[in-house]
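Please review the following briefing on the structure shown below. It begins with a single residue and then turns to the chain as a whole.

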Amino acid sequence: MRTFAIDFESFYSKECEIRTQGPYHYLNDPRCDVYLVSFAADDGFRWVGRPEDFEWRLLDGNFLVAHNLSWDGLVFAHLVQKGIIPKGVKIAGAACTANLACFCGARRSLKGAAHTLLGVDVSKDERKWMRGKTWADAVAAGKAEDIKAYALRDAEVCLALWDKYSPNWPAHERELARQTMLIGWRGFRVDQHRVDAGIAHLERVKF
């Protein structure tokens, strides 16, 4: 079984971003183009380009890691819904190196985790430059290869974190991280009547 580190890059701007729109509305915004996907595998395989151009069947039966899988997993599912990733692709499992970094006592961001755990400085300048710009803008400005190199480097750093630190990540901690991520995707049950009663009670106490 091979391990693939995966990283997606998508359009974002002041008006079109996940922090204000939330994952669902951001991904379904017509302006949101997932313009790159990059892969770094433990057997030396490297690939970066448009998601439409990748041979997704290569992932069948293999393991995926991503830095912030809670996000990249949603993008993956979104591309399956759009028909860009074939529905028949079956991965053997997936894990998040951002969660792994937290377990190791490092910062959650890729930049922070790479600095603390690998002694590598990761620049996010290319990502910042792409704010409000489309892939066509990057091509027109002669920045396409720089952006692709940036995306591939992120996948390679993710893989390096996994290779170096995952052997020390206990199974019960991995499962806790997985369940927490699933709660974020699926939501959780709430007794709305009890919540309303609790709020009313707190209002009385405050009064």
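Asp154 is buried because its relative accessible area is 4%, where buried means under 20%, exposed over 50% and partly exposed in between (1.4 Å probe, protein chains only). The model is predicted: local features need pLDDT of at least 70, side-chain atom pairs count only at pLDDT 80 or more, and totals for chains, interfaces and linings use all residues. Residues are numbered from 1 along each chain as its sequence is written, and side-chain values use heavy atoms, with hydrogens and water left out.

**Surroundings of Asp154**
- Asp154 lies in helix α7, residues 144–165; helices (H or I, at least four residues) and strands (E, at least two) are DSSP runs numbered from the N terminus.
- The side chains of Asp154 and Lys124 are joined by a polar contact of 2.9 Å, that is, a pair of N or O atoms within 3.5 Å, of which one must be able to donate a hydrogen and the other to accept it.
- Apart from neighbours within four places in sequence, Asp154 contacts Asp7, Glu9, Leu110, Val122 and Lys124, contact meaning heavy atoms within 4.5 Å.

**Nonpolar cores**
- The largest nonpolar core has 29 residues, and those with the most contacts inside it are Ile6, Phe8, Phe39, Trp56, Leu59 and Phe76; such a core is a set of buried Ala, Val, Leu, Ile, Met, Phe, Trp, Tyr and Cys residues joined through side-chain atoms within 4.5 Å.
- At least two residues of this core come from each of β1 (3–10), α1 (18–27), β2 (34–41), β4 (63–66) and α2 (69–81).
- Helix α2 gives the largest share of this core, six residues.
- A second, separate core has 22 residues, including Ala5, Ala101, Val157 and Cys158.
- Ile6 touches Val37, Ser38, Phe39, Trp56, Leu64, Val65, Ala66 and Phe76, with residues up to four places away in sequence not counted.

**Ile199**
- Ile199 is placed in helix α9, residues 192–206.
- Ile199 counts as partly exposed because its relative accessibility is 48%.

**The chain as a whole**
- The chain has nine helices and five strands, which run β-α-β-β-β-α-β-α-α-α-α-α-α-α from the N terminus on.
- Of the 207 residues in the chain, 42% are buried.
- Among contacts between residues at least 6 apart in sequence, 70% join residues at least 24 apart.
- Taken along the principal axes, the C-alpha atoms fill a box of roughly 60 × 40 × 40 Å.
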